[in-house]
Amino acid sequence: MTCEELRQDYTSYALGIAVEPERSEIAAHLSRECPNCVPGVASAMATVTAISGAVEIKQPPRHLRRRVLAAIEPAPKRWSFGVVLPWIITAAMSLALVTIGISGRRQGGDSARLEQALSILNDPATRDVAFGETEKPSKGRIFVSAGKGVVFIGASLPRIDRGKTFELWVIPAKGNPVPAGLFQSQPDATAVFVRPGPVDNAAAISVTVEPEGGSAQPTTTPFIVTRL
Amino acid sequence: MFIPGIFVTSMTMPGMLLALELSSKHDEDLARRLQRRDSIAMAEIYDRFGRLAYSVILSIVRDGAVAEDLVQETFLRVWNRIHAFEPARGALGPWLLAIARNRAIDHLRSLSAGMDRNAYELDLREHPSLFVDMERDVLNIDHARVIRQAIAKLSANQQKVIELAYYEGLSQTEMAERMGEPPGTVKTWVRTALKHLREELGQAVEA
């Protein structure tokens, strides 16, 4: 389609609601840096931005500022790149496989999760523990940053029935396990799970099989328990 | 008429504060410092846009905990992609808000197996090149007032489609199903609503 034919759909595209074939056509024009469509959509973006500027203002919680800033702390001094790189590659490849494995529908979320994972891996204070000796055949590695979150990378995970899910737990030195998110394995029994956000007083991480929707406390014996 | 509970209908104290904090005079400097990995600049950008980003995301996901996660993702994405941003010509606030809205819409779509989710397109729609030479004051209080008044002038159906598009990220096909109307009718409402908004904003937004 020509730029002239696409003009009236620039704002729909900027808003994310353009229909086919205009949507794909505009995307294609943008991809090749079309001199007409790039400024046209950019102008339409101003309309969408103006709508954003008209939302009702809500006050974010005070701790959010600290959390945002913790996520971008400087690159590690303690870890050498050579040590971190294999795990970055592992995480990236695993996330890519996850993305491919679900037909590309979750690419945006996984891209964000990859960024979160890299942020956690890059935290100089991140602790990492391997599991597999006592959890055979399951094996993998868990990264825990007190300020940024947890990355779980596992392979040879047990098959679970439909209606069940894996649930990650943060176990404090004192007190009950704290739910830290639900995840499913891929058909090849691997999983990469990123749980962003502060992790308080974690003494261990465990994984159990729970009913779909998760549990407030573990209802089965953990098949992975790693002390930090 | 306006979309109930969504847009504020008159000048409010938060809106006035918003106008103050969205002063754009430091955007270029902020962007350059972010490119130099200045974490203090990150604190400043959060102080300037964090509240608005949180408000945009919360208005879409309607869940405070999720909104916090997505605000963090938004600023992390800005931090990781700032090198593609042109400090001298780019509009930092609008770019950040586009990322914020995209994260929220992507989250909604991740929750619904039936909804189309195209990450590549989201990336295209938040590419820094689309925020070059945009009027940096697009977020100021005058524009907010204009857009509210413009939305209030729309018909009920036009307001509804803008609400479904902006706050729920529904495609026009999905809107048609939700509203029980023919896709062609919805498409007409969308086009006319957006045309009205652009016309109302014409002098204010477009150079």
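In the predicted model, the axes of helix H5 (residues 63-70) of chain A and helix H3 (residues 39-61) of chain B come within 10 Å of each other and cross at roughly 135°. Axes here are lines fitted to C-alpha atoms, for helices over the stretch in contact, and angles run from 0 to 180 degrees between N-to-C directions. H5(A) is therefore oblique to H3(B), where angles under 35 degrees count as roughly parallel, over 145 as roughly antiparallel, 65 to 115 as roughly perpendicular and the rest as oblique. The crossing of H5(A) with H3(B) is right-handed; a crossing has this hand if the near helix is turned clockwise from the far one by less than a right angle, and is left-handed if the turn is anticlockwise. Helices (H or I, at least four residues) and strands (E, at least two) are DSSP runs, numbered from the N terminus.

On the side of H5(A), the residues that meet H3(B) are Leu64(A), Arg65(A), Val68(A) and Leu69(A). Their partners in H3(B) are Ser39(B), Met42(B), Ala43(B), Tyr46(B), Gly50(B) and Tyr54(B). Two residues are in contact if their C-beta atoms, placed from the backbone, lie within 7 Å. By class, this contact has seven nonpolar residues, two polar and one charged. Ala, Val, Leu, Ile, Met, Phe, Trp, Tyr, Cys and Pro count as nonpolar, Asp, Glu, Lys and Arg as charged, and the others, Gly among them, as polar.

H5(A) also packs with helix H4 (residues 64-81) of chain B, the two axes coming within 9 Å and crossing at roughly 40°. H5(A) is therefore oblique to H4(B). The crossing of H5(A) and H4(B) is right-handed. Leu64(A), Arg67(A) and Val68(A) of H5(A) make the contact with Glu68(B), Val71(B), Gln72(B) and Phe75(B) of H4(B). These residues comprise four nonpolar, one polar and two charged.

The contact between the two chains as a whole takes 52 residues from chain A and 69 residues from chain B. On the side of chain B that touches chain A, H3(B) gives the most, with 12 residues. That side of chain B is made up of 38 nonpolar, 14 polar and 17 charged residues. For the complex, the predictor gives an ipTM of 0.81 and a pTM of 0.60.

Chain B has 10 helices and zero strands, and its elements run α-α-α-α-α-α-α-α-α-α from the N terminus on. Among its 207 residues, 50% count as buried. A residue is buried if 20 or more other C-beta atoms lie within 10 Å of its own, exposed if 12 or fewer, and partly exposed in between, with C-beta atoms placed from the backbone. Of the contacts in chain B between residues at least 6 apart in sequence, 73% join residues at least 24 apart.

Glu33(A) lies in the loop between helix H3 (22-31) and helix H4 (37-52) of chain A. Glu33(A) counts as exposed because it has 10 C-beta neighbours inside 10 Å. Ala189(A) is placed in the loop between strand E5 (178-183) and strand E6 (191-196) of chain A. With 14 other C-beta atoms within 10 Å, Ala189(A) is partly exposed.

Confidence is described by the pLDDT, the predictor's confidence in each residue, from 0 to 100. Chain A averages a pLDDT of 79, and 83% of its residues score at least 70. Within chain A, confidence is highest in H5(A), at a mean of 91, and lowest in helix H6 (residues 81-101), at 50. Over residues 75-83 of chain A the pLDDT is below 50, and this stretch has eight contacts in the model beyond near neighbours in sequence. The pLDDT also stays under 50 over residues 96-108 of chain A, for which the model has 19 contacts beyond four places in sequence.

Chain B likewise averages a pLDDT of 79, with 77% of the residues scoring at least 70. Among the elements of chain B, H3(B) has the highest mean pLDDT (93) and helix H1 (residues 13-21) the lowest (42). Over residues 1-22 of chain B the pLDDT is below 50, with 40 contacts in the model beyond near neighbours in sequence.

Residues are numbered from 1 along each chain as its sequence is written, and chains are lettered from A and ligands numbered from 1 in the order in which they are written. As this is a predicted model, local features need pLDDT of at least 70 and side-chain atom pairs count only at pLDDT 80 or more, while totals for chains, interfaces and linings use all residues.
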